[in-house]
Amino acid sequence: MQCLLLCAAALLGGAAHAQTTAASPEALPPLSNGPFTAETVAKGKAQYLRTCSQCHGFNMVNSGTTVYDLRKFPVDQADRFLNSVTNGKGNMPSFKGALEPGAIQFLWAYVSTRGGKEM
Ligand code: HEC
């Protein structure tokens with residue numbers, strides 16, 4: 001179970017290193033959909049607090065008027081998550097090169113389990 005995630009994170013990290021120039025979203029390895037451990041979700045939460053909460057709100061709670069309400073993000077759309085976080089969308093900045101290798105996988109574990117409530 002844990003290997004699923006670790007292997008995906010390792011792949012993601014490797015690819016991020018290899019693609020320091022012109023990475024296309026199609027070339028990114030897909031995110032794992034879990035199952036995730038509590039530890040993985042906790043890593044995602046810590047990353048979320050550092051880089052996402054200022055806009056998306058503490059515990060993903062915001063008014064949902066101008067900033068996307070992440071509690072409603074479709075859990076079956078990992079590719080969309082990866083693409084939007086990597087390349088940005090609308091008023092959201094791109095995080096390409098700004099996150100540690102594997103960080104988007106941890107963020108996906110946090111967001112797709114609704115902050116660890118649905119594991
Ligand atoms: C500067 C403010 C800001 C920060 C920081 C930010 N976001 Fe966003 N995010 C937004 C806004 C605004 C939108 C709505 C974009 C739109 O649809 O026009 C959004 C949308 C999204 C979406 C939905 C995209 C889609 O496909 O519809 C996801 C997923 C998301 N953010 C994840 C994250 C994650 C994960 C982080 C931290 C790594 C993060 N955001 C950091 C402002 C931010």
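Axes here are lines fitted to C-alpha atoms, with angles taken between N-to-C directions. The model is predicted.

Q: What makes H2 roughly perpendicular to H5?
A: The axes of helix H2 (residues 38–51) and H5 cross at roughly 105 degrees. Angles of 65 to 115 degrees count as roughly perpendicular. H2 is therefore roughly perpendicular to H5. Their axes come within 7 Å.

Q: Which residues make the contact of H2 with H5?
A: H2 brings Thr40, Val41, Lys43, Gly44, Lys45, Gln47 and Tyr48. H5 brings Ala103, Phe106, Leu107, Ala109 and Tyr110. By class, seven are nonpolar, three polar and two charged.

Q: Why are H4 and H5 called oblique to each other?
A: Helix H4 (residues 78–87) and helix H5 (residues 103–112) have axes that cross at roughly 125 degrees. Roughly perpendicular ends at 115, and roughly antiparallel needs over 145. H4 and H5 are therefore oblique. The crossing is right-handed.

Q: What is the make-up of the contact of H4 with H5?
A: Ala78, Phe81, Leu82, Val85 and Thr86 of H4 meet Ile104, Leu107, Trp108 and Val111 of H5. Eight of these residues are nonpolar, one is polar and none is charged.

Note on methods: Residues are numbered from 1 along each chain as its sequence is written. This is a predicted model: local features need pLDDT of at least 70, side-chain atom pairs count only at pLDDT 80 or more; totals for chains, interfaces and linings use all residues. Side-chain values use heavy atoms; hydrogens and water are left out. Axes are lines fitted to C-alpha atoms, for helices over the stretch in contact, and angles run from 0 to 180 degrees between N-to-C directions. Helices (H or I, at least four residues) and strands (E, at least two) are DSSP runs, numbered from the N terminus. Angles under 35 degrees count as roughly parallel, over 145 as roughly antiparallel, 65 to 115 as roughly perpendicular and the rest as oblique. A crossing is left-handed if the near helix is turned anticlockwise from the far one by less than a right angle, and right-handed if clockwise. Contact means heavy atoms within 4.5 Å. Ala, Val, Leu, Ile, Met, Phe, Trp, Tyr, Cys and Pro count as nonpolar, Asp, Glu, Lys and Arg as charged, and the others, Gly among them, as polar.
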